[in-house]
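This briefing concerns the aromatic side chains of one protein structure and the charged groups that accompany them. Please consult the sequence and the coordinates alongside the text.

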Amino acid sequence: PRQPAKTLWYDRPRYVYLEFCVEESRDVKVVIEDQRLVFSCRNADGVEFYNEINLYARVNSKDSREKRSDRSITCFMRKWKEKVAWPRITKENIKPAWLSVDFDNWRDWEGDEEVERAMVEQ
């Protein structure tokens with residue numbers, strides 16, 4: 001049986017970030033489309049994770065990436081319209097139980113573009 005991965009998200013002037021919290025992930029698949037993201041993987045115990053998100057607004061799928069670490073998979077998706085705040089990550093005005101705002105990374109945008117550029121280039 002598949003289950004959704006715990007997911008954190010935050011908004012920046014140029015990118016919107018999603019972090020799928022799965023430790024020791026394997027068989028990671030991330031499909032970023034202009035209006036949708038599909039994530040799947042399994043953990044060391046063989047548990048399958050699957051998340052599908054219809055995005056709040058359009059992203060540039062060609063300029064979007066993911067980065068895997070031991071503890072999570074982070075996706076950074078380039079916004080089609082930069083400097084437009086997203087009030088939520090989902091198109092639908094509902095909040096799934098597995099989705100949370102990443103308050104550790106959420107901040108005001110003033111002077112944030114240099115920090116954001118450095119994060120993406122890492």
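Is Phe20 buried or exposed? The model is a predicted one, and in it Phe20 has 0% relative accessibility, so this residue counts as buried.

**Aromatic pairs**

- A pair of aromatic rings is described by the distance of the centres and the angle of the planes.
- The count of aromatic pairs in this model comes to seven.
- One of these is formed by Tyr15 and Tyr17, with 6.2 Å centre to centre and 45° between the planes, which is a tilted arrangement.
- Both Tyr15 and Tyr17 are buried.
- Phe20 and Phe39 also form an aromatic pair, here stacked, at 4.0 Å centre to centre and with 0° between the planes.
- Because Phe20 belongs to strand 3 (residues 15–20) and Phe39 to strand 5 (residues 36–42), their pair ties together parts that are 19 residues apart in sequence.
- Phe39 has a relative accessible area of 0%, and therefore is buried.

**Aromatic cluster**

- One aromatic cluster consists of Tyr10, Tyr15, Tyr17 and Phe76.
- The tilted pair of Tyr15 and Tyr17 thus has both of its members in this cluster.

**Charges over rings**

- Arg2 is positioned over the face of Tyr50, and its distance from the ring centre is 3.9 Å.
- Over the ring of Trp80 sits the charged end of Arg58, 3.8 Å from the centre of that ring.

Conventions:
Residues numbered from 1 in each chain as written. Predicted model: local features only at pLDDT ≥ 70, side-chain atom pairs only at ≥ 80, totals over all residues. Heavy atoms only, no water. Phe/Tyr/Trp six-rings, centres within 6.5 Å; stacked < 30°, edge-to-face > 60°. Buried < 20%, exposed > 50% of the residue type's maximum accessible area, 1.4 Å probe, protein only. Helix = DSSP H or I, 4+ residues; strand = E, 2+ residues; numbered from the N terminus. Lys NZ or Arg CZ within 6 Å of the ring centre and 35° of its normal.
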